[in-house]
Amino acid sequence: MLEGNVGLYNTTSRIPFFENFAPDFRDGETFFSVFAIFFPASTGILAGANISGDLKSPSTAIPKGTLLAILITGITYLACLWFLGATVLRDASGIAGVSCTVDCPFGLMNSYRVMEMVSGYGPIIIAGIFAATLSSALASLVSAPKIFQAVCKDKIFPLIHVFGKGYGPSDEPRLSYFLTFFIAVAFILIGDLNAIAPLISNFFLMSYTLINYSCFDASLSKSPGWRPAFKYYSMYVAFIGALLCLVMMFIIQWWAALITFIFVALLYGFVHYKKPDINWGSSTQAHVYKSTLTSALKLVATKEHIKNFRPQILVLSGAPHSRPALVDFAGNISKGISLLICGHVVLPNEQSGRKKTINSARINKIYELMSKRRVKGFYNYVTAESLSDGAMSLLQNSGLGKLKPNTLMLGFKGDWQSCGGSSIIDYMQIIHDAFDANFGVGILRVSKGLDISHHITEEELILASTSKSQKQALTTAAAQSKKDATDEGAEEEDVEFDPDEVAMTTFIGSKRLQRNKVPEVNRFHQKQKKGTIDVWWLFDDGGLTLLIPYILSTKLYWQDCKLRVFLAGTKKGELNKERKNMATLLSKFRIEYHDMEVIPSFGKAPSKNSEQIFKATVEPFRKHSTGSNSVDNNMIISDEALVDNKDRTNRHLRTRDLVCEKSSAAALIVMTLPVPRKGLPAPLYMAWLDCLTKNLPAPVLLLRGNQESVMTFYS
């Protein structure tokens, strides 16, 4: 009684229960400051989840164990509070007959030993405190290291992977145990647990906030993979729980909440920046899919308008690492504004006739290469008996909804004179099919060619790097490629592993490869030298021949290249008028250009040099009246064909003369692509393209739209 203990069945007039029922905060304490100190006592709610890997049936054991633990501890805490409130006064002096209201040494508000005082046997309370402390400490010492071990194994953060090592049959994280122990000891040495309790409470509340919000976000994404087994789960309860935890953090101690937020934000920012190669199947991924699908469906319902035209490019690159310069050039056009698809036609094996397969491991490697080269696009492949059939499949089936390509881009066929008649016909047929499918067509030619796969052998590729890690990566990629092919159900003997694909992908950035073998690899993967983009707009194709060079001139790699426009004049005496009209037109189209020139001399005869180049180019395909001809009949250029197309030939040769004269210092030359009319011999068409672009000082893009307008006066 002297220390405030009146007992449960006291006969005095003072009944502590009713006096103690209402709060009586003192010394600046509030409900939330008391809550912050008490809260760590209930942080074992995740103990079961933290050791889920050690449970036989986690989906059953965790809900049952957690709810029972909450119920039992809740009843225990409430019972202790009620009994203490009913038996002990708030303030007591410890002297018989002397009441106390100020600076009292005993009572609920002043003594930490009231539990020991009211118990039947005091030492058992001390033993209980030790047992409860040890059990809570052991729960944290066991669960926290296991979570930390999982983080270390994922190698999300640097310099901590050593703590991911496990020992024994249970893979125990012994190093993490020691680390956790030393951290706990460091906090104990502070000597004032009430001072660090608010900070601990904030970190726990933040973890509960993130867990609750993660559950809510996973439900909101409507991913079929998110299937909560708990019968009474509700996404709205999870959201309210996250919100309450967040509010409590700031109410308890706003500065501690800010510290917690900054710490978590730094961790998130680091992970977001580093982008570790780990796939957790996060709800963010599900949200991206959902929002993409929703946007694609909205786009389908929206009527197209000329103002929103974008050059969505299907580039026939084959495997992207075979023609990196072509992919880079197309990526320069589409990056940040439109769609890019790298199309790959996989032909049957020449020896066995079997169809090749491209498995998921190889596709992932291709996307890895595109990511390293900062190419924002997609990869799509088809298997076909011929290149033209495969290209037609890509033209018809690439894309989704309104996200479909409208411009075909391919490299110039540099070996057309020696590759055989069927290959040339296939190449010309692809251009025909593209125009028939309402595609614009672009053909890129660089001086040393675009296909780098034949410049280097498999052995040289493997030796391109002497690094042990790179050799190991190559071996692993090869093994994984074969394994994945087998896993996907293909017979291992039918799956051809192409070492060039893995090697090219692995060593495409090798300095030795770039310096000694393929200097053109990064031609369009770097900032272009100061110069001009010369546009030879010879026919009205809807504006694509103007739009794409203008888009290029706005990109980072091409921003030092000014636009120059060359036009074919009609009448010599009206050049100024035509130039003025064209300047007005370009101004209305809001095409910024550095210079413009109207050329009246397209009707002149070509130079003797150009005529000789053309004659030498077509000579192997000519049919002579005498002598044998080894050329396939489908590849012969007859006298009638030359006579019928003489005017077009002369115009193309004259264009070549003018381009050599006017664009000798250009960084890029863009010319209107000649249309391959039906019935035109394929070698004659290829000879035109060859003569137009041969031995020019800069890369040449032959480009033509599909006669549909792609630009408008109105903004």
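A cavity is a set of grid points where a 1.4 Å probe fits but cannot get out. In this predicted model, one cavity of 30 Å³ or more is found. The largest cavity holds about 30 Å³ of space. Its lining is formed by P320, V327, L369, M370, R373 and V375. Sorted by class, this lining has five nonpolar residues, one charged residue and no polar residues. Because Arg is counted as charged and Pro, Val, Leu and Met are counted as nonpolar, R373 is the charged residue of the lining.

The strands are described next. Ten strands make up an open sheet with mixed pairing, in the order β3-β2-β1-β4-β5-β10-β9-β6-β7-β8. The edges of this sheet are β3, residues 378-383, and β8, residues 595-599. Each of these two strands has a single partner strand, so one side of β3 and one side of β8 are left without a neighbour in the sheet. From one strand to the next, the twist averages 20°.

Strand β4 covers residues 407-411 and strand β5 covers residues 440-445. The two strands pair in the parallel sense, over five bridges. Two positions illustrate this pairing. M409 has G442 of β5 as its bridge partner, and G411 stands opposite L444 in β5.

Strand β5 can also be described by its accessibility. The strand is mostly covered, with six of its six residues buried. In a regular strand, side chains alternate between the two faces of the sheet. On one side of β5 are G440, G442 and L444, and on the other are V441, I443 and R445. The residues on both sides are all buried, and both faces of β5 are therefore covered, where buried means under 20% relative accessible area. The charged residue R445 is thus included among the buried residues of this strand.

L159 is not a glycine, yet its phi is positive, at about 70°. This residue lies in the loop between α6 (122-153) and α7 (174-188). The relative accessibility of L159 is 76%, so L159 counts as exposed, the cut-off being over 50%. N695, also a residue other than glycine, has a positive phi near 55°. N695 is located in the loop between α25 (682-693) and β10 (700-704). With a relative accessible area of 65%, N695 is exposed.

Helix α11 spans residues 283-300 and contains Q285. Q285 and S223 are 62 residues apart in sequence, while their C-alpha atoms are 9.5 Å apart in space.

Cysteines were considered last. A disulfide is a covalent bond between the sulfur atoms of two cysteines. The structure holds zero disulfides. Two cysteines, C152 and C215, may be described by their accessibility. C152 has a relative accessibility of 1% and is therefore buried, as this value is under 20%. C215 has a relative accessible area of 23% and is partly exposed, because this value falls between the cut-offs of 20% and 50%.

How values were computed
Residues are numbered from 1 along each chain as its sequence is written. This is a predicted model: local features need pLDDT of at least 70, side-chain atom pairs count only at pLDDT 80 or more; totals for chains, interfaces and linings use all residues. Side-chain values use heavy atoms; hydrogens and water are left out. A disulfide is a pair of cysteine sulfur atoms within 2.5 Å. Buried means under 20% relative accessible area, exposed over 50%, partly exposed in between (1.4 Å probe, protein chains only). On a 1 Å grid over the protein atoms alone, a cavity is a set of points where a 1.4 Å probe fits but cannot get out, and a pocket is an open set with protein on both sides within 12 Å along at least five of seven lines; lining residues have an atom within 4 Å of a point. Grid points are joined across faces, edges and corners, and a volume is the space filled by probe spheres set on the points. Two strands pair if DSSP finds at least two bridges between them. Helices (H or I, at least four residues) and strands (E, at least two) are DSSP runs, numbered from the N terminus. Axes are lines fitted to C-alpha atoms, for helices over the stretch in contact, and angles run from 0 to 180 degrees between N-to-C directions.
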